[in-house]
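Hi there,

Here is the structure I promised to pass on to you. Please open it and keep it beside you while you read my notes.

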Amino acid sequence: MKRIVALVCVLALVLGTVLVSLYLLTEDDQQSETIAAPQRPPASEADSAGATDAPEPDLAPYYTQQVEWSGCGQGFECGWLKVPMDYDEPGGKELDIALLKVLAGDQERRVGSLVVNPGGPGAPGTEYAAQASLVFREPLRRYFDIVGFDPRGTGRSNPVDCLSDTELDAYLASDPDPDEPAEEQEFLDWADRLGQGCAKRSGDLANHVSTVEAARDMDVLRAALGESELDYFGASYGTKLGATYAELFPERVGRMVLDGAVDVSATSRELSLGQAGGFELAIRSYVSDCVESGDCFLGDTVEQGLARIKKLLADIDRKPLPTSGDRELTVGNAFYGIVAPLYNRSYWPLLSSALRQAIEGRGDALMELSDLYSSRGPDGYTDNSSEAIYAINCLDDPSSVPADQIPQEYAAFDKVSPTFGRVFAWGLIGCEGFVGEPAEPLEIDGSGAAPILVIGTTRDPATPMEWAETLADQLESGVLVRRDGDGHTGYNAGNSCVDEVVEDYLLDDVVPQGEVSC
């Protein structure tokens, strides 16, 4: 979910990589419970009527393909889906989309397949599905096959490549808020190297990883699963992907949940301002909790605590902190290490431990959190999400603001985020070095689609509540679910009201009659 140059490209819509990684640090505390049988009838052959009808004759070979599923460990089934690289030339080069399925616990009363996407853009959906026991509650796992896919250009699905691992380390370590001429030049150099690197290292693939193309792949997947309608759960950027699907294939929308919603009509600047405010609200909530708990190590007031964090970042900018490994903790790494735990309130203790250690002069814990954010393991990067987010978002929206105009944005960004504002302001550089062929813009209202559940959280750092409100209003059939709480996304986040609304909707076809507040 990741670099700030990709922040214009919506930096923190990287729910999948961050949250799936951090899920691994927590125990599954879901309680066993007695679960009533779903009201939706079990899947039958009638459900697949017309499922493989292709929207265009030339696409028929893709819509009639059958996935060869095989066991891939831990009870999972894996397979591959073939899609055309270019939908305008379906007889040309093909791409292979990686799939992973977690079978429903109760196959006799299974109601169908729930296709899931964790966001990013760039996060592997197969990994999201593999963590279904942590991500999704028991009712959904019992009656749905959970099906994850790595969207084109990500994970194992013909991943785009833009930088070597060594270059990516240096890129993520660089200052996301350059305040000296040399730092500014380095920032701009990385923008150019990233954009040119995608084209040089990935060729024409880098022109075909847009959200519209990924949404068309989802319809091919729906057909291959034998489903006449798509039941879908998308989080963060996955909400944009789902909304795009609803615009392209409204008659194929079944039950769709968009959690941690993105405003698909907002400009890059509006998105960046929204996220700057979201992360400011999150860091203030975190510091406020520390202060209210008593004897806060950051200070006696929220303002003191925020000033201490800003001073720590400034100190690290001047002098990186040592770690037990062969890398120093730079200000870039420190920033990502701080924002990663803001995605979930239960990770705040991890942030406190990391900040305490950094204040004492060691950078190991913040580096570990930064590496989780960027999918970096001990032996290198475990996926290409830090590169895919750039390629995908710049195809969707290649806009950028010239460097000499960035200082003019300081006042607006400082106002919404005194702590992080200028990082987000510099993110407006965005696609400065992008050399691809952008996708055609798409206006989204999902006209003709079945009811779509749109979830927002009041103190969500990455996708502010206002975005969910806007998306629910934009979608002709959108129904807003409002969660009062901290962290990114609302389902399975400790709010039983949200959980019940989602599960009643997916399992029992219960559509809320108007906006729901939880």
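Predicted model: local features only at pLDDT ≥ 70, side-chain atom pairs only at ≥ 80, totals over all residues.

A quick reminder before we start: a disulfide is a covalent bond between the sulfur atoms of two cysteines. Searching the whole structure gives 5 disulfides. If you count the bonded cysteines along the chain, they pair up as 1-2, 3-4, 5-6, 7-8, 9-10.

Let me walk you through three of them. Cys162 is bonded to Cys198, with an S to S distance of 1.9 Å. This pair ties together distant parts of the chain, 36 residues apart: Cys162 lies in the loop between strand S5 and helix H6, while Cys198 belongs to helix H7. Cys162 counts as buried because its relative accessibility is 1%, and Cys198 is buried too, at 4%. The S-S torsion here is about 95°, so this disulfide is right-handed.

Next, Cys290 pairs with Cys296 at 2.0 Å. With a torsion of about 105°, this bond is right-handed. Cys290 is buried at 9% relative accessibility, and Cys296 is buried at 9%.

The bond between Cys497 and Cys518 has an S to S distance of 2.0 Å. Its torsion is about -55°, so it is left-handed. Cys497 sits in helix H19 and Cys518 in the segment after strand S12, 21 residues apart. At 27% relative accessibility, Cys497 is partly exposed.

Finally, look at the surface: Asp88, Glu89, Asp204 and Glu437 form a patch of negative charge there. Glu437 comes from the loop between helix H17 and strand S10, and its 56% relative accessibility makes it exposed.

Happy exploring!

Key. Residues numbered from 1 in each chain as written. Heavy atoms only, no water. Patch = residues over 30% accessible without salt bridge, like charges linked within 9 Å, V, L, I, M, F, W, Y side chains within 5 Å. Areas by Shrake-Rupley, 256 points an atom, 1.4 Å probe, with all protein chains shown as cover. Salt bridge = Lys/Arg side-chain N within 4 Å of Asp/Glu carboxyl O. Lys, Arg positive; Asp, Glu negative; His and termini not counted. Charge placed at Lys NZ, Arg CZ, Asp CG, Glu CD. Helix = DSSP H or I, 4+ residues; strand = E, 2+ residues; numbered from the N terminus. Buried < 20%, exposed > 50% of the residue type's maximum accessible area, 1.4 Å probe, protein only. Disulfide = S-S within 2.5 Å.
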